[in-house]
Every structure is written in structure tokens, then in C-alpha cells.
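Keep the viewer open as you read.

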Amino acid sequence: MSASTSSGTAEAPVPDEGSGGGPGAELLAALLDGMDAALCAFDAGGTITHWNREAERILGWSAAEAVGRSGFAGWAVRRADAGEVQGRLMAAMDGPGRRVHEFALLRKDGGRVLVRTQSAGVRGADGRPAGVYCAFSEVHAQIDLERSIALSEALLEDASWGVVLVDADLRPAVVNAHAARALGVGRAALLGRPLGEVVVRGAEEVEGALQHVLAEGAPPAPAELWVTLRTAEGERRRCWRSGFLRLASPLAEEPVPLGVGWLFQDVTAERLAAQEADRTRFRSNQLHRASRSASECEDPMEAATSYLDYALAGFADHALVDLVVGERLVRVAATPSGEPGPCLPVAAGSLPLRYATGHPALRAVDRTGSVRASAGSGAGAGEWAAERQWPGDAAHALCAVLRSRGRTLGVVTFLRSGHRAAFERPDAAYAESVAVRVAAAVDLAQVLKPGG
């Protein structure tokens with residue numbers, strides 16, 4: 001309780017209420033009345049010598065009514081309990097340290113209030129016991145305080161989500177164990193350092209959110225922030241569902257910002273699963289739409305390019321179709337190399353392609369499976385694409401073999417530019433589903449071709 005002075009016995013004597021005025025007595029009165037806790041003091045005989053305004057607020061008895069009374073009997077405590085209460089309070093005068101008790105006291109209006117007291121003895125200049133001071137507050141208020149402290153300690157120690165307290169300069173001041181593990185650093189290692197030292201990408205968004213909270217207050221709902229962390233194992237991309245609270249001093253007359261409380265949970269797995277479900281659903285719808293469109297095409301090759309037009313949406317920037325003619329591959333259809341456009345037959349479809357050994361399209365034919373490739377960091381993407389006879393903005397490639405009736409008919413190549421992510425295994429599965437449909441249409445076109 002804030003009214004207690006120390007864990008030892010106070011050495012200053014309790015001044016008498018009537019021991020003269022002067023600046024010292026006025027200062028003491030101002031200090032007592034300004035305290036947040038109720039305080040009263042007894043002399044060695046048990047007579048009340050001090051009674052502050054908080055004590056008056058809690059019990060309703062003014063200082064004029066309380067000072068000079070002998071104990072609490074008959075007015076602040078029921079007579080049946082007065083002897084025990086007085087004995088326990090005055091016992092603090094004979095021992096070191098503070099004593100903590102809970103009593104039911106009486107209000108002036110007759111109501112009862114349960115208070116928690118801390119009492120300690122006061123010794124005079126000669127070292128003899130001179131009295132007792134007693135600080136008390138309503139138990140529910142004390143419990144609220146203890147509950148708040150317990151909540152803070154639990155959040156900062158045992159919480160199953162990350163808690164970071166940042167100061168007004170947006171630098172971490174407190175980091176709990178969960179947050180330290182999520183950030184990949186020790187709890188003390190991040191204190192006072194900019195978030196950008198561990199957050200490679202996304203630090204601007206986090207700091208922007210913190211600045212907004214300091215200026216405008218907490219947002220109405222949690223926000224999901226994607227960040228990329230720098231760890232000993234490399235960079236990791238994570239999604240954190242984050243809530244923010246502006247922290248202000250409860251002791252200031254005007255709200256003084258102390259910083260921001262940032263609470264977050266890692267929801268990366270859930271978000272990736274949701275994204276994958278959305279992607280799968282979209283691609284399934286595209287295949288369904290492509291099948292309906294292809295069924296209306298009289299020309300099987302038009303149906304083949306129709307499949308690719310639907311497949312490109314949200315998947316790739318370019319599509320190329322190379323068919324096997326003899327021992328070479330021949331380009332028969334492609335999307336424009338400049339601006340986006342539909343996949344159309346090429347004018348020079350009869351000329352074989354001079355793919356170098358190890359070209360991804362040739363590897364796909366050899367292994368009758370999909371091949372993924374990306375431009376390395378050594379050479380520029382334009383040079384890498386030009387060497388493979390692809391559009392200049394291509395940086396990632398996925399070649400899927402075209403097979404029908406047990407025969408390899410050719411290769412379909414999907415290309416992405418450098419601002420997009422590289423193709424992954426789920427992308428290869430989708431490309432193979434498209435390739436099966438394209439191969440069936442190409443096979444039909446070859447069967448219907450005169451002399452085919």
C-alpha cells in the first residue's frame with residue numbers, strides 16, 4: 001500500500017495535533033491529505049492523532065470527529081470487535097516491520113466496509129515506542145490493484161501470445177518470453193533497439209501502426225501484419241494478428257503517453273491454409289470455366305489456347321506451347337511478349353526452336369514431368385530469358401509436358417516476371433492439370449488434321 005513508509009520501524013515521532021503550527025505542520029497536513037490511501041495514527045495510549053481525507057472518504061468520519069478519540073470502539077468498529085481490532089493494531093508498536101490485517105469497519109452512515117490495513121510502530125527520539133500509524137484501503141480496491149498487477153505479470157511471463165511494450169520512441173521496453181521466441185531473439189537483446197534490426201520486411205507497417213496508436217488511440221479491431229524476420233536459419237515470413245493499446249500514465253492530470261502495448265499471435269499457418277484454399281477454389285473454377293469455353297470451340301487448337309487463357313489468370317504472365325516435330329520442338333502458340341494478351345498461334349510455327357542442351361522444356365520432355373526454373377542472382381533476368389528464347393521480363397518458368405494416349409506431344413511453358421514469386425510444387429500440380437486438357441485438345445487437332 002502506498003501509504004506505508006518502509007518494512008522497518010519508523011523513527012520519527014508522531015507529532016501532537018496541537019503541537020503548534022508552522023510550515024512543518026502545514027506540510028505534514030498537506031502530505032497526509034494528498035495521499036491515495038487512508039491513514040490514521042495513534043499515540044502510545046491508543047488515542048487517534050491523525051486522520052486524512054481518504055480515511056474520511058472511506059468511512060465518512062471527518063478529522064475533527066476522529067482525532068482525539070480513544071481507538072475505534074463504538075464508532076468505527078462494533079464494540080464486540082473493538083478490543084481485538086485495537087489489540088492487533090497496537091501490537092505493531094512493539095515489533096519490527098509492518099503488520100497486515102483485514103477488518104470490518106463501520107461507516108458513519110452505519111454501513112460496514114471491509115478494509116485491508118498495514119500498521120507499523122513509530123518510535124520517539126529516545127527510541128521508545130511512541131505510537132502506531134495505520135494505512136488502510138477498501139479490500140475490493142486492493143484486490144483490483146493486485147489483480148491488475150497479477151494480470152501484467154502473467155501477460156509478461158506466461159501468456160501464450162506475444163506482448164511487447166514499446167516506449168514513445170517506438171523502441172521495445174519490455175518483451176515477454178513468447179514474443180522473444182517469435183522474434184527469434186533474447187528478451188533483453190531487443191530492448192531499446194529498432195524493430196528493423198530483426199524485422200527485415202514489414203517493420204514500416206508495424207511502426208506505422210504504433211505511431212497511429214500513439215496519436216489516435218487503439219484501433220477498433222485486431223490487424224493482421226505480414227513480416228519477414230531475420231533469424232539464424234535465414235529469413236522467415238510470418239503473419240501476426242495484432243492488437244494495440246495506448247499506454248498513458250494514471251498519475252498525471254493530463255494523459256501522458258508512455259508508449260504502446262502490442263499483443264500478437266502467430267496465425268501464419270491459418271492464413272497460408274486459407275490462402276491455399278482460396279487459390280485452389282479459384283483455380284478449380286477457372287478450369288471449370290475453361291472446359292465450358294473449350295467445349296464450344298470447333299477448332300481443337302482454339303480449345304487448347306482457350307484453356308491457357310483461363311489458366312493464366314492469377315497464375316502466370318506468359319504461356320508458350322511447343323510441340324514435338326521429329327526430334328525438335330516447334331513453337332505453335334504463345335501469348336504476346338510485351339503487354340498481356342490471349343494465347344494465339346504463332347506465324348512461324350513450322351520453324352524448329354534451337355533450345356540449348358539442358359533447356360527446361362527439353363528436360364520436361366526427357367523426364368515426362370514438370371520442371372521449374374528461376375533466374376539466378378548472378379546474371380540479369382533479361383539475359384537469362386533471352387538465352388532460353390523467352391520474353392525478356394521472364395524470371396521464373398514452369399514447363400509441363402503434354403502427354404496424351406501414352407505419347408509426348410510437346411511442352412507448355414508458364415512464365416512469371418521478376419516481381420512475382422517463383423513457382424512452387426502446388427503450382428506444378430495445377431500446371432499439370434492444365435497440360436492434361438491442353439494435350440487432349442492438341443491430340444484431337446492432330447487426329448483431325450488432314451494426313452494426321
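L448 lies in helix α12 (residues 425-448); helices are DSSP runs of H or I with at least four residues, strands are runs of E with at least two, and both are numbered from the N terminus. The model is predicted, so local features need pLDDT of at least 70 and side-chain atom pairs pLDDT 80 or more, while totals for chains, interfaces and linings use all residues. Residues are numbered from 1 along each chain as its sequence is written, and side-chain values use heavy atoms, leaving out hydrogens and water.

With a relative accessible area of 55%, L448 is exposed (exposed means over 50%, buried under 20%, partly exposed in between, with a 1.4 Å probe and protein chains only).

## Salt bridges

The whole structure holds 21 salt bridges, each a side-chain nitrogen of Lys or Arg within 4 Å of a carboxyl oxygen of Asp or Glu. In one of them, D443 meets R407 at 2.8 Å, N to O. This pair links distant parts of the chain, as D443 sits in helix α12 and R407 in strand β17 (residues 407-417), 36 residues apart. D443 is buried at 5%, whereas R407 is partly exposed at 34%.

R107 also pairs with E138, with the closest N and O atoms 3.6 Å apart. R107 is in the loop between β3 and β4, and E138 is in strand β5. R107 is partly exposed at 26%, while E138 is buried at 12%.
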